[in-house]
Amino acid sequence: MKHTLALIALFTLNIAVSPANAAAMNMAETVTVGDISISGAWSRSSAGMKNAGAAFMTITNAGNADDRLVAATTPVAKKAELHTHLMENGVMKMRQVKAIDVPAGKTAELKPGGLHVMLFRLSDTFEEGAHYPLTLTFEKAGNLTVMVHIGKAGAMGEMKHEDHM
């Protein structure tokens with residue numbers, strides 16, 4: 001229950017990117033491996049909690065072959081999972097997914113209320129203005145490490161995440 005309440009406090013269903021988060025996203029680097037580019041990687045500050053966090057970004061596949069994001073790791077969390085949101089019986093819930101498709105010539109947006117990288121058991125709180133490395137593993141392109149910039153804590157909303165605690 002404690003973990004569920006912490007996650008409820010972290011996420012919101014419909015959030016616009018705040019100016020501070022937009023600034024963090026604009027500062028984020030673009031990193032490319034093969035045909036895959038990652039840009040605008042960011043997280044929300046954790047408002048004093050270190051149970052969980054999430055990373056958001058834009059993934060672009062400039063190639064002619066589909067690829068898939070299949071894993072993520074970071075030294076700032078004991079566990080990283082790929083997640084999505086879905087509506088079940090009128091309640092928005094987060095669920096782990098095996099992979100995130102990045103079709104050839106297309107872009108996948110990882111954003112609040114949608115696909116994202118979920119981080120569990122953070123080593124410390126996420127402080128606004130800081131950054132951390134996140135290594136993404138793609139089925140075809142391989143590993144790519146990007147610096148994730150931390151913006152302001154977002155608006156709070158209702159989210160159930162009981163299946164991962």
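The model is predicted, so local features need pLDDT of at least 70, side-chain atom pairs count only at pLDDT 80 or more, and totals for chains, interfaces and linings use all residues. Residues are numbered from 1 along each chain as its sequence is written, and side-chain values use heavy atoms, with hydrogens and water left out.

**Elements**
- The chain holds two helices and 11 strands; helices (H or I, at least four residues) and strands (E, at least two) are DSSP runs, numbered from the N terminus.
- Read from the N terminus, the order is α-α-β-β-β-β-β-β-β-β-β-β-β.

**Surface and contacts**
- Of the 165 residues in the chain, 45% are buried, meaning under 20% relative accessible area with a 1.4 Å probe, protein chains only.
- The chain has an accessible surface of about 8,000 Å², and carbon and sulfur atoms account for 52% of it; the areas come from the Shrake-Rupley method with a 1.4 Å probe.
- Among contacts (heavy atoms within 4.5 Å) with a separation of 6 or more, 72% link residues 24 or more positions apart.

**Strand 9 and its partners**
- Strand 9 spans residues 116-122, and six of its seven residues are buried.
- Strand 3 (residues 52-61) runs antiparallel to strand 9 and is joined to it by four bridges; two strands pair if DSSP finds at least two bridges between them.
- In this pairing, Ala 55 stands opposite Val 117 of strand 9.
- Strand 5 (residues 77-88) is also antiparallel to strand 9, with six bridges between them.
- Here Ala 80 lies opposite Leu 119 of strand 9.

Terms used:
Buried < 20%, exposed > 50% of the residue type's maximum accessible area, 1.4 Å probe, protein only.
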